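Open your viewer and switch to a cartoon view.

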Amino acid sequence: MRLEGKIAIVTGAAGAGIGQGVSWRLAREGANVVVSDAHPKRPFEVADKIKAETGKDALGVVCDVTKKDQVDNMVKKTIEKFGRVDILINNAGGNKLEQLVDLDEDVWDFVIDVNLKATYLCCKAVLPSMIEQKYGKIVNLSSSIIYVGSEDGEVPYTAAKAGIVGLTRSLCREVAKHNISVNCIAPGLIMNEFLLKIYPKEYFDDFEKTIPMGRSGEPSDIAGAVMFLVSDDGSYMNGQTLSVSGGWTFN
Ligand SMILES: NC(=O)c1ccc[n+]([C@@H]2O[C@H](COP(=O)([O-])OP(=O)(O)OC[C@H]3O[C@@H](n4cnc5c(N)ncnc54)[C@H](O)[C@@H]3O)[C@@H](O)[C@H]2O)c1
């Protein structure tokens, strides 16, 4: 098992999408996983299932990643239980669709905070432990939208996700000397039950026609890229952004 004994925090890990998919994959590869999410109950339910089915230890933590005190508490609880943090997956994110001409400041702040500020807060909270142990793997979730833009009211989301790429590059330069890697994944369309509830099926049928591989992705497609970046296979990767989009975008 490639991650035997490693301690991983995954944010936004209790939903139907990438975060939970990555949590399962990390546990199946041997890691003990902290299932962190803002939802008041699901982190515990998902952690219990992971424990029961993989035999690895898992800790559910309720954490709104836009709140510094909650992020610090998530890391404190991780260190109390497991002694350290080896891997951080900054997965939690959010979006609200509004054309810029109508965009209220509170919507801008919400989208920037849940994507970009949260990534800053979580990185800052784990770094002291990673620097002390001279080991750390951080993977930030950007989006392929940064390469092509969007006409659907996603200016703040695109700005936040592009900001995450910038954060990744400069943070890599700050911490690589401590044997810490900071990389990004830019997913294309990754289907989950939640997306299917908010958009009509025709929207995805049309979208899939624009994807060279002819299909949307699944959380396991992203989990595979995460595994590459956090395992020894990706040992010389740092500051990079992987486009995982079935050929829909290129870096
Ligand atoms: N699904 C896609 O097509 C797609 C494409 C590109 C990028 N992404 C990015 O990938 C990541 C995962 O997206 P997903 O759609 O797979 O969903 P997901 O299921 O992985 O994540 C959603 C979870 O995040 C939690 N969450 C929301 N706000 C939070 C907050 N403030 N604090 C803590 N938890 C919070 C929700 O409770 C939910 O459980 C996001 O950053 C998203 O922007 C997704």
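A crossing of two helices is right-handed if the near helix is turned clockwise from the far one by less than a right angle. Keep that in mind. Also remember that this model is predicted.

**Stop one: helix 4 and helix 6.** Select residues 105–133 for helix 4 and residues 155–175 for helix 6. Their axes come within 9 Å and cross at roughly 20°. Angles under 35 degrees count as roughly parallel, so helix 4 and helix 6 are roughly parallel to each other. The crossing of helix 4 and helix 6 is right-handed. Now show the side chains at the contact. On helix 4, pick residues including V107, W108, V111 and I112. On helix 6, pick P156, Y157 and A160, among others. By class, this contact of helix 4 with helix 6 has 15 nonpolar, 3 polar and 1 charged residues.

**Stop two: helix 1 and helix 2.** Select residues 18–28 for helix 1, then residues 42–54 for helix 2. These axes come within 10 Å and cross at roughly 30°. Helix 1 and helix 2 are therefore roughly parallel to each other. Helix 1 passes helix 2 in a right-handed crossing. Helix 1 brings Q20, S23, W24, A27 and R28 to the contact, and helix 2 brings V46, I50 and T54. By class, the contact of helix 1 with helix 2 has 4 nonpolar, 3 polar and 1 charged residues.

**Stop three: the ligand.** Which residues around the ligand come nearest? Select G12, G15, G17, G19 and G93: of the 26 residues around the ligand, these come nearest. The shell around the ligand has 12 nonpolar, 12 polar and 2 charged residues.

Note on methods
Residues numbered from 1 in each chain as written. Predicted model: local features only at pLDDT ≥ 70, side-chain atom pairs only at ≥ 80, totals over all residues. Axes fitted to C-alpha atoms, helices over the stretch in contact; angles between N-to-C directions. Helix = DSSP H or I, 4+ residues; strand = E, 2+ residues; numbered from the N terminus. Parallel < 35°, antiparallel > 145°, perpendicular 65-115°, else oblique. Contact = placed C-beta atoms within 7 Å. Nonpolar A, V, L, I, M, F, W, Y, C, P; charged D, E, K, R; others polar. Near = placed C-beta within 6 Å.
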